[in-house]
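Please open the model in your viewer and keep the selection panel at hand.

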Amino acid sequence: AEAVVMAAACSTASPFANPSRLGFQDPDEFTQHLADTAEAWRFFDAGHFSEPIALFRLFLGWLRRLKLTPVRSGTTKRWFRATNMLQKDAAIDPSRMTAFVSFVADVAIRCRDLCCSERDEALSCRVRRDLHGLVLLLRRPDKSREEQRKLMDDDYVPDIGAIFRASASKLYALLAAAFSENLLTGSHIKSKDVDAMLDALEMLEPSGLASQDA
């Protein structure tokens, strides 16, 4: 489930606000918007120094607000309400945040239906079970509007912590594995130089800034 969210984060425009000087007549107002955006990035990054992880944590914040929306208002309306609630607390662009969430839902549904050919109701496949849990957290975007209206409560929705369980170290490894050697080291670096670079990295002390539980 974490991989789906971070893949969507890497494939869509950043949902954080991106103020332009041309949109402001007052320099102080523009400066304040820049500061708000920088603070939002800093808060959700939490010392991990990783854009995908920052957007992953932003998505978790959005999920917590989704839980506070009226159950019978429909999935799409609940998404918009959760986004509006998040916008009051963080410098985000509502349209890009909605597009980010929509892409997470699309990737989750497609991967869930592909990872097990039998599509078993018992969800014996662990990967499929986690992806289905992500779909449940999103309030069943795989169902029609009529079916969504029949959902009278959120009893079917799992806890966020039950779906997203990976530690920070596993997320780091996932992100490293997502890029080829050329993207990590640059195509101009010869293979013999890679070993020296890896040896140097192993000598670095942990920064201590990113908590495993952040």
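**Before you start**

This is a predicted model, in which local features need pLDDT of at least 70 and side-chain atom pairs count only at pLDDT 80 or more, while totals for chains, interfaces and linings use all residues. Residues are numbered from 1 along each chain as its sequence is written, and side-chain values use heavy atoms, with hydrogens and water left out.

**The whole chain**

Select the chain and colour it by secondary structure: there are eleven helices and zero strands, where helices (H or I, at least four residues) and strands (E, at least two) are DSSP runs numbered from the N terminus. Of the 214 residues, 38% count as buried; here buried means under 20% relative accessible area, exposed means over 50%, and partly exposed lies in between, with a 1.4 Å probe and protein chains only. The chain exposes about 13,000 Å², and carbon and sulfur atoms supply 54% of that area, which comes from the Shrake-Rupley method with a 1.4 Å probe, only the protein chains shown counting as cover for residues. If you draw contacts (heavy atoms within 4.5 Å), then among those between residues at least 6 apart in sequence, 64% join residues at least 24 apart.

**Helix α1 and its neighbours**

Select residues 2-11, which form helix α1, and pick out its buried residues, namely Glu2, Val4, Val5, Met6, Ala8 and Ala9. Which helices do the buried residues of α1 pack against? They pack against α3, α5, α6, α8 (160-163) and α9.

Helices α1 and α9 pack at an angle of about 50°, with their axes 11 Å apart; axes are lines fitted to C-alpha atoms, for helices over the stretch in contact, and angles run from 0 to 180 degrees between N-to-C directions. The two helices are therefore oblique to each other, in a scheme where angles under 35 degrees count as roughly parallel, over 145 as roughly antiparallel, 65 to 115 as roughly perpendicular and the rest as oblique. The crossing of α1 and α9 is right-handed, a term used if the near helix is turned clockwise from the far one by less than a right angle, with anticlockwise giving left-handed. The contact is made by Glu2, Ala3 and Met6 of α1 and by Leu171, Leu174 and Leu175 of α9. By class, this contact of α1 with α9 has five nonpolar, no polar and one charged residues, given that Ala, Val, Leu, Ile, Met, Phe, Trp, Tyr, Cys and Pro count as nonpolar, Asp, Glu, Lys and Arg as charged, and the others, Gly among them, as polar.

**α3 across α9**

Show the side chains of Pro52, Ile53 and Phe56 of α3 with Leu171, Tyr172 and Leu175 of α9, which make the contact. The residues of the contact of α3 with α9 divide into six nonpolar, no polar and no charged.

**Two stops in α5**

Select residues 94-114, helix α5, and find Arg112 in it. Is Arg112 buried or exposed? At 7% relative accessibility, Arg112 counts as buried. Leaving aside its neighbours within four places in sequence, Arg112 is in contact with Arg128, Leu131, His132, Val135, Arg140 and Asp142.

Still in α5, move to Val104, which is buried with a relative accessible area of 0%. With neighbours within four places in sequence again left aside, the contacts of Val104 are Val4, Val5, Ala8, Phe59, Leu134 and Leu138.

**Two loops**

Finish with Arg140, in the loop between α6 (126-137) and α7 (145-149), and with Ala46, in the loop between α2 (27-45) and α3. Arg140 has a positive phi of about 55° although it is not a glycine, and at 14% relative accessibility it counts as buried. Phi of Ala46 is near 55°, also a positive value in a residue other than glycine, and Ala46, at 24% relative accessibility, counts as partly exposed.
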